[in-house]
Amino acid sequence: MMNAQTENRVENLLSMAARARRIVSGAFVAEETLEKGRGTYLLLAADASEETKRKFTNMAERRNVPYVELLRAERLGRCLGKEYRAVAVLIDRGFAERLDAYLHEIPTGVD
């Protein structure tokens, strides 16, 4: 479980990634992105269906893409300027590394 500060950082990071067009969302596009080997980090909404979680975590594991379950679909979507989103994929190494640092509470020196 993330603390409020980490959650805010993650939401801001995802919003920034969305504005920079460095994240894709929605099951179809996310699946396509992972299959093409372009994903750098898989994000699953905490309230995504078990079937969705299983399908995407298996896909990510086969491609050595890190993944995390965070936020609820409504909040994940809102960060991305969309409606509900159960799945999103970062397509930028820099954003993926920053997200990983936030989730593991490693100081990034830029906050």
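Guide: Helices here are DSSP runs of H or I with at least four residues, and strands are runs of E with at least two, both numbered from the N terminus. The model is predicted.

Visitor: In which loop is the place of R21?
Guide: Helix α1 covers 4-19, and strand β1 covers 23-25. R21 has its place in the loop between α1 and β1.

Visitor: What is the phi of R21, and is the residue buried or exposed?
Guide: Most residues other than glycine have a negative phi. R21 is not a glycine, yet its phi is positive, near 55°. Exposed requires over 50% relative accessible area. With a relative accessible area of 68%, R21 is exposed.

Visitor: Which loop holds N64, and what is its phi?
Guide: N64 is placed in the loop between α3 and β3. Its relative accessibility is 71%, so N64 counts as exposed. N64 is not a glycine, but its phi is positive, at about 55°.

Visitor: In what order do the elements of the protein chain run?
Guide: The secondary structure of the chain comes to 5 helices and 4 strands. From the N terminus on, the order is α-β-α-β-α-β-α-β-α.

Visitor: What is the radius of gyration of the protein chain?
Guide: The C-alpha trace spans about 35 × 25 × 25 Å along its principal axes. For 111 residues the globule rule gives 13 Å, and the chain comes close to that, so it is as compact as a globular protein of that length. The radius of gyration of the chain is 13 Å.

Visitor: What share of the contacts with a separation of 6 or more joins residues 24 or more positions apart?
Guide: Buried residues make up 43% of the 111 residues in the chain. Among contacts with a separation of 6 or more, the share from residues 24 or more positions apart is 75%.

Visitor: Which are the edge strands of the sheet?
Guide: The sheet is open, with 4 strands in the order β1-β4-β2-β3 and mixed pairing. An edge strand pairs on one side only, and this holds for β1 (23-25) and β3 (67-69).

Visitor: In which sense do β2 and β4 pair, and over how many bridges?
Guide: Residues 41-44 form β2 and residues 87-90 form β4. Across the pair, Y41 stands opposite L90, and L44 stands opposite V87. The sense is antiparallel, over 4 bridges.

Visitor: Which residue in β4 is the bridge partner of S25?
Guide: Strands β1 and β4 run antiparallel and are joined by 3 bridges. In β4, the bridge partner of S25 is A88.

Visitor: Which residues of β4 point the other way from V87 and V89?
Guide: V87 and V89 point one way from β4. The residues on either side of the strand are buried in this set, and those pointing the other way are A88 and L90.

Visitor: Is V87 buried or exposed, and what is its relative accessible area?
Guide: V87 has its place in strand β4. Leaving aside neighbours within four places in sequence, V87 is in contact with S25, G26, A30, L42, L43, L44, T52, F56 and L76. Buried means under 20% relative accessible area. V87 is buried, at 1%.

Visitor: What separation do the C-alpha atoms of V87 and F56 have?
Guide: F56 is among the residues in contact with V87. The two are 31 residues apart along the chain, and their C-alpha atoms are separated by 8.3 Å.

Visitor: At about what angle does α3 run to β2?
Guide: Helix α3 consists of residues 50-62. It lies across β2, β3 and β4, and its angle to β2 is about 170°.

Visitor: What angle does the direction of α5 make with that of β2?
Guide: Helix α5 (residues 93-103) packs on the sheet, where it touches β2, β3 and β4. The angle between its direction and that of β2 is about 55°.

Visitor: Is K53 buried or exposed, and what is its relative accessible area?
Guide: K53 has its place in helix α3. Not counting residues up to four places away in sequence, K53 touches L44, A45, A46, A48 and E69. The cut-off for buried is under 20%, so K53 is buried, with a relative accessible area of 10%.

Visitor: Which annotation covers residues 9-92?
Guide: The span is 48% helix and 17% strand, and its end C-alpha atoms lie 17 Å apart. The unreviewed UniProt entry annotates it as "domain: Ribosomal protein eL8/eL30/eS12/Gadd45".

Definitions and conventions. Residues are numbered from 1 along each chain as its sequence is written. This is a predicted model: local features need pLDDT of at least 70, side-chain atom pairs count only at pLDDT 80 or more; totals for chains, interfaces and linings use all residues. Side-chain values use heavy atoms; hydrogens and water are left out. Buried means under 20% relative accessible area, exposed over 50%, partly exposed in between (1.4 Å probe, protein chains only). Contact means heavy atoms within 4.5 Å. UniProt positions are given in the numbering used here, feature names are shortened, and annotations may be inferred rather than shown by experiment. Two strands pair if DSSP finds at least two bridges between them. Axes are lines fitted to C-alpha atoms, for helices over the stretch in contact, and angles run from 0 to 180 degrees between N-to-C directions. The radius of gyration is taken over C-alpha atoms; the globule rule is 2.2 Å times the number of residues to the power 0.38.
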